[in-house]
Amino acid sequence: MTGTPALKPENVCIAFEMIKSARRNFKAQDYFSNPRFDFVGITTLFTFYFDVTVDTINFAKRLCKDEKNVMVGGIMASLIPDKVYAATGIHPFVGQLNKPGDIDKDDTRIIDRLPLDYSILEEIDYKYPANNAYFAYMTRGCVNHCAFCAVPRLEPEYCDYIGIKEQIRIASERFGAQKDLLLLDNNVLASKYFNRIVDEIHECGFEKGAHFIANNQYEITIKNLKDSYNDRAYIRKCIGLYKELMKKLPEEKKGSFYLLLESHNLLSVDTATKESILEIDPEVRPYFEKMHSAARPKARVVDFNQGIDSRLVTEENMRKLAEICIKPLRIAFDHWELRDIYEKAVRKAASAGITELSNYLLYNYNDKPEELYYRLKYNVELCEELNVSIYSFPMKYHPIDDDEYFSNRDFIGKHWNRKFVRAVQAVLNSTKGCIGRGLEFFYEAFGIDEKRFWTIMWMPESFIIYRMKFKDSLTKEWEEAFWSLPDEKLSIVKSVVAENRFANFDLSVYDEEIRNVLKYYLINRDRAKEIIETEF
């Protein structure tokens, strides 16, 4: 084991001057006056991120040697290209990169079909939830043209089949095999090649009951460092693996391993180098080989993440889908009027042996609040009857064409108000965005009946969030005062609460009976926490 020699005084001075110079350049924004990038590509996401995305584009323009070589594309840019151009001066690329020469006229490759570069997930501190999955499409677009949906504009032509075997092979060779398969198809059941799609998924190792033992991540990391494939990502990856190993080493070996890393400046991403990592590789490799030999098989999962169309579900395609390790099966339940079709789809899936389900519930569109309640309750009741698990994810509607609302999340549907939207979000805040199996849990979250549901919708937000703390005290007081109001005064209170604007609210303009109800809405989250800390 070799040590790192101490810096000579003259080297310390040089390093200090370099830091000062970098600091001066940064403060002077030297990166603008001497841009270093030949080409900058920016992917845009949701329209309600419009302002920050525009700021990013305008910042990136100044980092590129030629503003004409800044390419903007993606969801937001494709949906509102004129607005993006007006705010940035950049004409965005609209749609998919699904034809040869979309970027380089002399390049015959189709960018949309190229294997993904999974190494970029290693470059950032954020741990993406689906960090051990292949991402792919096997179809594009949708045969439906739902008024609330952006897919017909983003992917206007339905593509029946896209093969993934080669993508998976290439990705596995470079990044190691992935445990799961996450497919972003918007309507796979509409494909006339559906059976072929399922068969190919099966052939790629995702048959029902499939298990998987992960590749040695250290081996993959070292291989990519030796190949100089995204050194930044794999230096970071390696430091993370060192830390993971440190936690698992027996106490008598932790000290020597720590000293080995310290002597080669490998305790931090900021000081680590590829050369140092490769230098100690022979010494640390046996540790990782031993750790990997103890790895246990894990169940694989296939997830059509955007859901399937309940209107296209048949007994045949559910039996076919059950041949692979689908989990969960996502089925949209966008309208209460679809309940009969939706129920038949769930029953057919359950009959085929698919018992882990999930769905998206559109709300704040043309629906009424109670219809969201009906759909949620319907799912919970189906769970009990069919002995399946259905996780429901209410999804709030946002328009993309309305000049007032495309760039924010303030839109309120015609049957909704600000308070109802906030009430739903407050409930979901405590359930982590979903409602699962269990009648008792559902009754507590959204109410045992419609009357109780409306009580929760009108309930002060902090009482919803801290319901178990306040249910026998403040919540009970508010509820009695609220529902005992005469109809005329209750109407006044509801009109105020519907706006849900209680910052600097003046109670004095109302009579005592109304004030006695509205005062509870002035208890915000911070005040609620104070009450909990002092009284409970």
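Good morning. The model is predicted, so a local feature needs pLDDT of at least 70 and side-chain atom pairs count only at pLDDT 80 or more, while totals for chains, interfaces and linings use all residues. Residues are numbered from 1 along each chain as its sequence is written, and side-chain values use heavy atoms, with hydrogens and water left out.

I begin with confidence. The term pLDDT means the predictor's confidence in each residue, from 0 to 100. The protein chain has an average pLDDT of 92, and 96% of the residues score at least 70. Over residues 1-5, however, pLDDT stays under 50. Where pLDDT is low, the predicted coordinates should not be read in detail. For residues 1-5 the model has 10 contacts beyond four places in sequence, a contact being heavy atoms within 4.5 Å.

Next, the overall architecture. The chain contains 24 helices and 10 strands; these are DSSP runs, with helices being H or I of at least four residues and strands E of at least two, numbered from the N terminus. Along its principal axes, the C-alpha trace spans about 85 × 65 × 60 Å. Of the 536 residues in the chain, 44% are buried. Here buried means under 20% relative accessible area, exposed means over 50%, and partly exposed lies in between, with a 1.4 Å probe and protein chains only. Among contacts between residues at least 6 apart in sequence, 73% join residues at least 24 apart.

I turn now to empty space. Rolling a probe the size of a water molecule over the atoms shows where empty space is left. On a 1 Å grid over the protein atoms alone, a cavity is a set of points where a 1.4 Å probe fits but cannot get out, and a pocket is an open set with protein on both sides within 12 Å along at least five of seven lines; lining residues have an atom within 4 Å of a point. Grid points are joined across faces, edges and corners, and a volume is the space filled by probe spheres set on the points.

How many cavities of 30 Å³ or more does the whole structure hold? The search finds one. The largest cavity contains about 50 Å³ of space, and its lining includes Pro115, Tyr134, Phe135 and Ile168. Both β3 (133-136) and α7 (165-175) supply at least two residues of that lining. By class, the lining has 10 nonpolar residues, one polar and no charged. Ala, Val, Leu, Ile, Met, Phe, Trp, Tyr, Cys and Pro count as nonpolar, Asp, Glu, Lys and Arg as charged, and the others, Gly among them, as polar.

The second largest pocket holds about 1100 Å³. It is lined by 36 residues, and those closest to its centre are Lys127, Gln217, Lys237, Leu241 and Glu244. Two or more lining residues come from each of α9 (217-226), α10 (231-248) and α12 (274-293), with α10 giving the largest share, seven residues. The lining divides into 16 nonpolar, 10 polar and 10 charged residues.

Helix α12 also holds arginine 285, which is buried at 18% relative accessible area. Beyond its neighbours within four places in sequence, arginine 285 contacts Tyr218, Glu219, Ile222 and Lys226.

Two further residues deserve mention. Methionine 71, in strand β2 (residues 70-74), is 30 residues from glycine 41 in sequence, with 4.7 Å between their C-alpha atoms. Alanine 498, in helix α22 (residues 487-499), touches Asn417, Arg418, Lys419 and Trp458, leaving aside neighbours within four places in sequence.

What of the cysteines? A disulfide is a pair of cysteine sulfur atoms within 2.5 Å, and by this rule the count is zero. For cysteine 204, the nearest cysteine sulfur, that of cysteine 325, is 11 Å away. Cysteine 204 counts as buried at 17% relative accessibility, and cysteine 238 is buried at 0%.

Finally, the backbone. Most residues other than glycine have a negative phi, and most peptide bonds are trans. Lysine 327 and proline 328 are joined by a cis peptide bond, with omega about -5°. Asparagine 387 has a positive phi of about 55°, and so does asparagine 500, also about 55°. Are these two asparagines buried or exposed? Asparagine 387 is exposed, at 54%, whereas asparagine 500 is buried, at 17%.
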